[in-house]
Amino acid sequence: MGDGNEQPQGGLNEGERSKTADERYRQGATGFAQRTDTLQKGLEAEREVENYRDEYEQAEKAGRSHGAGDLDTDLDGKNDGRL
């Protein structure tokens, strides 16, 4: 038995520096790197961006066109999933 402070994964909001999330990310990233040719994946991604540059630039422009709080629905809470 532990010291009584142990919570099931996801049962406690660990805040901004979540050790559980960090550990899960590192395990996932390490596993991906071990089973994947990451250099090849990087080259594939680079080619895709070059082949579809206009679409990526359009999506980036749309994403940068406004920030949080710019839309009326941002202010009334309809976008946060609580209403």
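Select helix 3, residues 53-64, in this predicted model. Its twelve residues reach 16 Å from the first C-alpha to the last, close to the 16 Å expected at 1.5 Å a residue (the expected span is 1.5 Å times one less than the number of residues). Colour helix 3 by burial: the count of buried residues in it is zero, and the helix is hardly covered (buried means under 20% relative accessible area, exposed over 50%, partly exposed in between, with a 1.4 Å probe and protein chains only).

Next, show the whole protein. It has four helices and zero strands, in the order α-α-α-α (helices are DSSP runs of H or I with at least four residues, strands runs of E with at least two, numbered from the N terminus). Of the 83 residues, 5% are buried. The protein exposes about 8,000 Å², with 47% of it supplied by carbon and sulfur atoms (Shrake-Rupley areas, 1.4 Å probe).

Now select Ser-18, in the segment before helix 1 (19-35). Is Ser-18 buried or exposed? Ser-18 counts as buried because its relative accessibility is 18%. Its side chain reaches the backbone nitrogen of Ala-21 at 3.0 Å.

Finally, colour by pLDDT, the predictor's confidence in each residue, from 0 to 100. The average is 81, and 70% of the residues score at least 70. Where pLDDT is low, the predicted coordinates should not be read in detail.

Residues are numbered from 1 along each chain as its sequence is written, and side-chain values use heavy atoms, without hydrogens and water. Local features need pLDDT of at least 70 and side-chain atom pairs count only at pLDDT 80 or more, while totals for chains, interfaces and linings use all residues.

Terms used
A polar contact is a pair of N or O atoms within 3.5 Å; within protein, one must be able to donate a hydrogen and the other to accept it, and residues adjacent in sequence count only if both atoms are side-chain atoms.
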